Amino acid sequence: MLKIQNLNKTYGNRQVLNNLTFQIQPGEIYGLLGANGAGKTTTINIICNLLKADSGDILVGDRPVSEATKSSIGIAPQENLLYKTLTCEENLKFYAQIYGLTGQKCRQQIETSLTAVNLLERAKNPIETLSGGMQRRMNIAVALVHQPKLLILDEPTTGLDIETRYEIWDLIWQLKSQGMTILLTTHLLDEAQRLCQRIGILKGGQIIAQGSLDELRKYIPAQEIITIETEQEDAAIALATQLGFTHRRYGNDLAFWLPKPLELKEILTYFEGISINSISRQSVQLEHIYLEVMRGN
Ligand code: ATP
């Protein structure tokens, strides 16, 4: 659906994209992750033809990005692109006309977009009267109004509360289930883990790790991660190191990677002599993998 090949972009003497190459398959949600300033928005702007790359190719289907293929792409940027005093319908009409839609077809597609984001009954309401979550959904409606094949969502839930975030996640799932191909950027690793079939981690202008969550799990030689709360951290680390368990700190948490899942009583036997206040276990999450990859481990 989308092929990015050897994309380079320099601002002044700062190279932001360095032979960036990745592909998005039809119907998948692809998560593009990376630190602040890694070049995610730059990549998106180049895909949407808003910015010129120094070199490289972008293919939509089998065709290079051009005015014609641009209509296959819809973007919901980080900042909502909405006119606050205009109604939902008026906003959509404005954007639909940019894509040359008029008359009955324009009215139909406005209705389809509003239905897709579950805001049809708010069609006549000015944007400024909608909640933050509804405005975010309208921002996605704008991206859908010309019926693109690829939808780009740049940090779609940043700044939203958890309930509203679930609403947007549901909407993204609905769009995927209707066959939409989606490129999503986010700093929320649980969001990427929930939504994306494949994930690419961008660093130094390149994708340094890519795949499904299961494929990315190969970056950590652990089947399970346990987090231990103890007053005897140094002793616990020394013991675990002797046993060949890697340890990591995630914020304040002291964690150990288990090379295979173990029974709780086995784990406690390993840490005999250490006074443990609490212990919790979890499978390897995207967050753990991301931190390792970003640290270059
Ligand atoms: P964030 O996660 O913070 O949104 P990002 O991954 O989207 O970051 P970009 O916005 O693409 O990163 O920026 C990549 C780098 O390019 C940053 O160092 C940024 O300061 C720089 N940059 C972006 N736009 C310009 C510009 N127009 N002129 C000069 N430098 C720029």
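Asn49 lies in the loop that runs between helix H1 and strand S4 (55-60). In this predicted model, its phi is near 70°, a positive value in a residue other than glycine. Most residues other than glycine have a negative phi. Asn49 counts as partly exposed, at 34% relative accessibility.

Asn19 sits in strand S2.

S2 and helix H1 (40-47) are the elements that give two or more residues to the shell around the ligand. H1 supplies the largest share, 3 residues. The shell holds 14 residues, of which Arg14, Lys40, Thr41, Thr42 and His187 come nearest to the ligand. By class, 4 of the shell residues are nonpolar, 7 are polar and 3 are charged.

A backbone N or O atom of Gly39 is 2.9 Å from a ligand oxygen. For Ala38, a backbone N or O atom lies 3.1 Å from an oxygen atom of the ligand. Tyr11 contributes through its side chain: one of its N or O atoms there is 3.4 Å from a nitrogen atom of the ligand. On its own, the ligand has 640 Å² of accessible area, and the protein covers 60% of this.

Helix H3 spans residues 88-98, and Cys88, Asn91, Leu92, Tyr95 and Ala96 are buried in it. These residues lie on the same side of H3, because they cover an arc of only 130° around the helix axis. What do the buried residues of H3 pack against? Their partners are helix H4 (103-116) and helix H5 (132-144). Gly100 follows H3 and has a positive phi, near 80°.

Arg63 belongs to strand S5, which covers residues 63-64. With 47% relative accessibility, Arg63 counts as partly exposed. Arg63 and Asn13 are 50 residues apart in sequence. In space, 31 Å separates their C-alpha atoms.

The protein chain as a whole has 11 helices and 14 strands. Its C-alpha atoms fill a box of roughly 75 × 45 × 35 Å, taken along the principal axes. The chain has 297 residues, and 47% of them count as buried. Among contacts with a separation of 6 or more, 69% join residues 24 or more positions apart. The chain exposes about 14,600 Å². Carbon and sulfur atoms supply 48% of that area.

Definitions and conventions:
Residues are numbered from 1 along each chain as its sequence is written. Side-chain values use heavy atoms; hydrogens and water are left out. Buried means under 20% relative accessible area, exposed over 50%, partly exposed in between (1.4 Å probe, protein chains only). Helices (H or I, at least four residues) and strands (E, at least two) are DSSP runs, numbered from the N terminus. The arc is that of the directions from the helix axis to the C-beta atoms. Contact means heavy atoms within 4.5 Å. A residue is near a molecule or strand if one of its heavy atoms lies within 4 Å of it. A polar contact is a pair of N or O atoms within 3.5 Å; within protein, one must be able to donate a hydrogen and the other to accept it, and residues adjacent in sequence count only if both atoms are side-chain atoms. Accessible areas come from the Shrake-Rupley method with a 1.4 Å probe; for residues, only the protein chains shown count as cover. Ala, Val, Leu, Ile, Met, Phe, Trp, Tyr, Cys and Pro count as nonpolar, Asp, Glu, Lys and Arg as charged, and the others, Gly among them, as polar.
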